[in-house]
Amino acid sequence: MTAELVRVDNVSKVYYQAGLLRQRARSMVAVRNVSFSIAANTVLGLVGESGCGKSTLARAVAWLDPPTSGRVVVSGIDPGLRERSQMALFRRTVQIVFQDPYSSLNPRQCIGESVAEGLRNQGVPRDRRRREVARLLDMVGISPNRASERPHRFSGGQRQRIVIARALAVQPRFLILDEPVSSLDVSIQAQIVNLLVDLKRELSLTYLFISHDLNLIAYLSDEIAVMRDGTIIEQAPAEQLIAAPVHQYTRALFADAPVLPEPRSRSS
Amino acid sequence: MTRRTEIFVRFFLVVSVVYLGALVVVAIAAPHIAPADPRMQNIPARFTPPGTDGFLLGSDEFGRDVLSRLLFGARSALLVGGVAVALALGIGMVVGLTAGLAGKVVDSALMLIMDAVLSFPTVLLAITVVSVFGYGLPQVMTAIGVIFSPLFARIIRTETLTLKQEPFVLSARALGTPLWRIITVHLVPNMLPKIVAQCTVTVALALVVEASLSFLGVGAQPPTPSWGLMLRNARNYLFDAPWLALYPGLAIGLTVFCCNLLGDLLGELLQRDQ
Amino acid sequence: MKTTLSLALAVCTLVAAAPAFGAGGREAASAQPATLQFALSGNPNTLDPHATAGTLTFQVLRSVYDTLVEPDESGRIVPALAESWGVSADGLHWTFHLRSGVQFHNGDEFTSKDVVATFARLRDPGRASTHAAEFAAVTAVEALDRYTVQFSLERPHAPLLSALASGWSAILPQRLIANGHDFGGSPVGTGPFVFEQWMRDNRITLSRNERYWIEGQPAVARVNFNIITEVAVQVQGLLTGDLHIIDMVGPTDIARIERNPATRLDTGLSSLVMVMAINTRRPPLSDVRIRRALNHAVDKQTILDVAYAGGRPIGTFMDAGDPFALDLAHLHPHDPERARALIREAGGVNRVLDLVLPQNFEPHVRAGEMYQQMLAQAGIEAQIRLVDWSTWLSDVYGAANFDLTVIGHTGKLDPDGRFSLFETDRNYVGWSHPEIPRLLQAARLESEFAGRREYFAEIQRLLAEEVPFVFVGTNYRFIAMRETIHGFHMDGKLDTYDLRRVRFR
Amino acid sequence: MRGDERTSHRAVIGLILRRLGRLVLTVMLISTVVFLTVRVIPGDPARTIAGMDAGEPAVESLRIRLGLDRPLWRQYLGWLWDTLRFDFGTSFFSQEPVLRLILDRFPLTALLAVASFLLSLLVAIPIGVIAAVKRWTVWDGLGLMFAQVGMAIPSFWLAILLLMLFSVRLGLLPLFGADSVAHWILPVVTLATERAAVLVRFVRASMVEELEKEYVLAADARGLPHLRVRFSHALRNALMPVVTIAGIQFGYLLGGAVIVEQVFSLPGLGRLFLSAIVARDFPLIQGGVVFIAVVFSLSNCAADLVSAAVNPRLRVG
């Protein structure tokens with residue numbers, strides 16, 4: 001196999017519910033000692049029931065909600081070092097796409113601006129930004145003419161395309177996809193998934209694909225990790241895990257598929 | 001919502017906007033449209049009833065023209081409302097954003113201070129503040145601004161806490177957008193409807209507090225034409241010159257009425273737009 | 001909108017109809033009420049005569065306490081708890097012969113030890129009574145026998161008798177002083193009325209002292225001092241008959257009270273000296289020509305009429321009704337032309353003057369607004385600054401942080417009390433004259449009226465020429481009462497009320 | 001069941017403890033600020049007591065007696081120590097214990113606040129509910145109009161108008177004094193008008209929100225009697241937030257009382273406090289601040305507890 005791009009080491013995330021005056025701090029461990037690595041140009045599928053800590057892990061890896069302990073290294077960049085240059089580099093390398101396309105775009109910003117945000121942050125001049133936005137929109141199948149429109153004029157699937165374009169603007173190498181299609185209609189889901197597959201190939205991307213949809217995970221992933229109660233209980237190459245799950249829970253999970261009831265909740 | 005109520009809402013929206021717009025025009029153009037100098041005393045013409053001797057709304061205890069004082073009073077009112085709310089918004093914005101974005105300890109400390117300000121009756125607090133810095137409109141505006149800042153701070157903090165968890169803000173952070181741009185592009189524009197509605201309501205509150213302070217004699221300084229001060233002086237002549245209490249009272253009431261109405265309707269409309 | 005309109009209409013009709021009532025009103029239920037309803041213009045700080053300088057306190061305590069001597073209707077000092085007194089030839093020993101058979105409200109008999117204990121309390125440095133300074137010349141107060149007291153002085157001091165007639169010289173019972181009794185909350189004296197209850201900010205109730213030492217006095221069984229701060233409420237209360245005597249009457253209420261057959265207005269000159277004080281330390285106000293210009297710029301009579309509900313103009317620092325007063329008002333008549341000429345001559349006033357007004361005295365604020373306009377007509381620009389009373393006392397009166405300020409100087413039983421302000425220039429206007437200490441000292445040693453009058457006249461002339469104030473006038477004092485009230489008397493100089501002879505008829 | 005109860009008891013006690021802790025901090029903060037500010041205000045209590053005629057030596061000895069000659073930090077520590085022992089000192093002016101002065105006036109102001117709060121609820125709940133149920137109709141319009149007009153009338157103006165109409169013109173109610181129920185009517189009405197106006201909007205908004213919830217829609221769909229659903233279920237839930245703001249409302253009433261007490265010559269806390277500020281009666285100002293802040297916080301806390309008791313969902317949090 002090819003070289004390792006992403007390395008997640010013993011990552012834990014603990015939430016404290018401490019007030020100024022509360023005597024005992026109550027803590028809640030959302031993610032416990034999670035480790036995995038992802039090889040370049042592969043997809044790691046992360047599967048688990050809602051509330052098992054998938055999204056928390058996604059945010060921790062993206063360093064949006066930094067982990068309480070543990071390390072994340074992507075392409076040799078460690079954001080935990082708190083170095084300015086490292087952080088900027090990390091932000092260019094790692095991007096994240098969320099589940100809900102409706103709240104993933106600022107309703108008061110036209111989509112062109114949204115897509116250009118990463119470029120603007122890098123100080124790309126205006127005219128090059130515009131060309132770049134057009135290219136990105138075109139790439140995800142949105143007419144560049146509509147760059148000046150506000151998000152409410154687009155459907156859910158179109159918005160998710162725009163969100164993906166926005167993430168790709170900074171030319172990342174690693175994309176965290178947190179249930180990117182689960183709030184879309186089935187027909188649209190397929191389009192977006194195909195888009196993701198195409199993009200991965202064209203841009204040689206690496207994905208952490210989070211979902212509760214086992215079929216989707218099975219279809220996309222090179223390797224699958226199963227998460228439960230904040231820990232990864234089983235991780236193996238896709239075919240192997242589907243064919244011969246070791247863990248009891250995994251077996252149950254795949255036995256019940258595809259009827260995994262999962263409400264559309266953003267928090268986990 | 002039926003068509004009739006839609007018309008109803010639009011009608012009142014227009015009414016309040018027209019009134020407040022007219023008020024702004026009057027405030028700016030007061031020197032040109034007022035029939036007399038609002039400070040000019042004319043002792044022999046004291047207590048002229050409305051409509052006589054060229055005093056359209058009568059004259060006060062020094063023979064000053066009530067209409068002119070009322071028109072110039074719009075200046076004080078708008079100045080107080082505008083400055084107080086701008087100040088409250090400014091402080092509330094800084095405190096609210098800081099509390100919402102910084103960690104728990106800072107948040108708790110700031111909100112403790114804001115609660116401390118809120119846990120004291122407005123008028124009493126305003127009087128205390130004004131006693132420290134001296135009587136007068138600038139001091140009153142400052143006091144009101146400071147006292148009402150927790151109202152904004154709380155709204156902005158709550159909005160910040162919600163918005164900063166929104167995916168579009170999270171992905172902006174993932175894109176490396178600097179904090180100031182997150183605040184100006186992603187946070188503030190999206191809390192604007194609530195802030196605007198709160199602004200108009202707070203203008204109304206500020207007017208009432210200013211009038212109350214002036215009524216208690218710690219607000220506007222004579223001979224400043226201020227509606228609250230006019231009411232204070234009028235209470236001594238209720239039986240001989242009732243018009244002195246009537247017009248400024250109506251002016252305050254109408255303005256407060258329209259500000260509140262505007263705030264409510266804006267809130268309603270903006271909510272529906274979302 | 002409709003609601004607002006109809007509300008506005010209701011307000012209009014209500015307010016417009018307002019002048020119509022009042023004339024009829026409600027008549028007090030019975031023809032001979034047992035309780036005198038008196039309106040007091042504010043809540044006293046305390047009822048301890050040694051703990052305050054507030055007039056309100058003494059307005060109430062006048063009916064609860066007696067003093068050794070008291071002013072009569074003409075202002076002359078006459079016997080009260082002291083039946084007679086004498087002064088030694090050197091003027092250093094005053095002997096008072098006390099009335100016997102007088103009882104305090106708690107039953108104690110009034111004797112010389114009460115007088116000794118009272119003045120020991122008043123002069124106690126630890127108590128820091130605000131009026132202790134008036135007894136600075138006193139070296140000892142001793143009981144010669146049960147009914148004789150002697151005051152010893154270090155130098156002759158003619159104003160002593162006036163001080164003894166003032167409210168703060170009220171005689172308290174020795175036994176309760178020794179007990180540490182709370183006189184501030186429940187006063188006990190020998191006066192015509194017994195203190196019953198003080199509901200703060202609401203009312204003070206007194207009842208008749210059945211054993212009062214003047215036969216047949218007081219006439220009414222009870223007195224309620226109702227604390228009412230709003231002029232309009234006092235006036236309406238009088239017109240409806242809920243109040244019998246009120247001491248606040250606004251300029252526009254005079255006609256209404258006089259018109260009403262059921263009410264009567266008792267008008268007299270107050271003992272106030274209404275002034276606009278000038279800070280003579282600050283240029284250009286240090287120039288006497290500018291100060292004279294200010295005096296010419298002001299129309300005194302109009303100010304008195306509009307701001308103070310009427311009064312008599314004065315030309316020097318003495319109230320118009322005082323027996324020692326000199327009429328010098330003609331020295332500075334209202335003449336804006338002359339004011340402008342004087343200002344030109346002095347080189348002009350090239351800055352905005354700071355006109356400070358005490359916010360809680362509405363007449364002064366009204367007057368201030370008028371001064372501002374009158375000064376503007378003479379070419380002087382003044383900016384009004386309102387301060388509360390505490391700030392006025394410490395910042396303006398104490399620290400002289402002002403250019404001009406409006407105030408009324410309260411009455412003094414003796415002119416010495418007025419003029420001692422100018423003994424040095426460490427007063428708020430920053431003015432004195434080398435002659436004044438000499439004249440004051442001479443007047444203190446002199447006990448004859450005519451002689452003292454000469455000295456005081458000299459001082460008044462100095463003040464009138466140097467004009468450290470704009471002397472405005474002495475306002476009229478209005479007490480309005482129901483037509484049925486008789487025998488009411490006011491001690492003009494002390495601003496207190498004598499209710500002993502008040503009767504309903 | 002028993003365990004549940006125990007945890008909920010513990011949660012309530014925890015809530016109380018947290019609120020008390022917050023209260024102490026708030027009060028400390030406010031009173032420290034006030035302690036410093038009143039001493040910064042130009043205005044010397046000794047001068048104010050002594051009056052115009054007193055000489056500087058007399059004022060100075062008064063200053064010593066009042067303890068104002070001591071350095072600021074010693075005054076502060078002394079005051080802090082006294083306050084912690086619930087000793088608020090004595091008033092500079094009346095020389096009576098501050099606590100007694102305050103407790104003398106408090107019943108009147110509290111009664112005024114409670115009575116007007118109850119009256120405002122009595123008026124606001126029906127109007128708010130009708131406006132919500134008949135949303136976007138004439139009834140709703142009238143209800144909102146009441147709210148707008150009520151909030152727009154300055155309370156002192158209303159007070160004067162009421163006084164002129166009922167006490168002067170009609171002679172139905174007394175002009176001054178505070179001894180009988182009749183004295184209370186106008187002040188209570190004045191205060192209640194403004195609060196009711198605010199509450200109407202609140203009740204309406206809360207009720208509208210409740211009526212749009214699924215259970216009401218479901219009940220409607222099941223054909224349950226219209227009114228019963230609205231009043232028994234929706235109303236009870238809609239009033240929950242009203243209880244939570246009751247504490248704040250009470251605090252506002254304390255503040256509003258200042259003006260009403262002034263106009264109606266009522267011997268309440270507001271007037272006491274106002275005169276203390278004007279006279280620079282430091283111990284009384286400080287005591288008053290602490291007292292008002294405590295009452296305000298306690299009433300808020302009580303409101304929280306009541307809503308926690310009514311609404312079990314809040315207990316756990």
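Predicted model: local features only at pLDDT ≥ 70, side-chain atom pairs only at ≥ 80, totals over all residues.
Mentor: Residues are numbered from 1 along each chain as its sequence is written, chains are lettered from A and ligands numbered from 1 in the order in which they are written, and side-chain values use heavy atoms, with hydrogens and water left out.

Trainee: How do you know which pair of chains has the most contacts?

Mentor: Contact means heavy atoms within 4.5 Å. Five pairs of chains touch, and the most contacts are between chains C and D. There, 53 residues of chain C meet 48 residues of chain D. Chains A and C, by contrast, do not touch, and their nearest C-alpha atoms are 36 Å apart.

Trainee: What area is buried between chain C and chain D?

Mentor: About 4,200 Å², with carbon and sulfur atoms giving 59% of it. Buried area is the accessible area (1.4 Å probe) that two parts lose on being put together, summed over both.

Trainee: Why is the pair D:R271 and C:D201 called a salt bridge?

Mentor: The term asks for a side-chain nitrogen of Lys or Arg within 4 Å of a carboxyl oxygen of Asp or Glu. The closest N and O atoms of D:R271 and C:D201 are 3.6 Å apart, so the pair meets that cut-off. The count between chain C and chain D is four salt bridges.

Trainee: Which element gives the largest share of the side of chain C that touches chain D?

Mentor: That is α12(C), with eight residues. Helices (H or I, at least four residues) and strands (E, at least two) are DSSP runs, numbered from the N terminus. By class, this side of chain C has 22 nonpolar, 20 polar and eleven charged residues. Here Ala, Val, Leu, Ile, Met, Phe, Trp, Tyr, Cys and Pro count as nonpolar, Asp, Glu, Lys and Arg as charged, and the others, Gly among them, as polar.

Trainee: Where do the domains of chain C lie?

Mentor: Domain 1 covers 15-262 + 483-505 and domain 2 covers 273-477; such bounds come from an automatic or database domain assignment. The centres of the two domains, taken over C-alpha atoms, are 30 Å apart. Between them, domain 1 and domain 2 of chain C bury about 1,300 Å², 60% of it on carbon and sulfur atoms.

Trainee: What makes C:R477 and C:D247 a salt bridge?

Mentor: Their closest N and O atoms are 3.9 Å apart, which is within the 4 Å limit, so the pair qualifies. Two salt bridges are counted between domain 1 and domain 2 of chain C.

Trainee: How many salt bridges are there between the domains of chain A?

Mentor: Zero between domain 1 and domain 2 of chain A. These two domains bury about 1,000 Å², 75% of it on carbon and sulfur atoms. On the side of domain 1 that touches domain 2, α6(A) gives the most, with seven residues.
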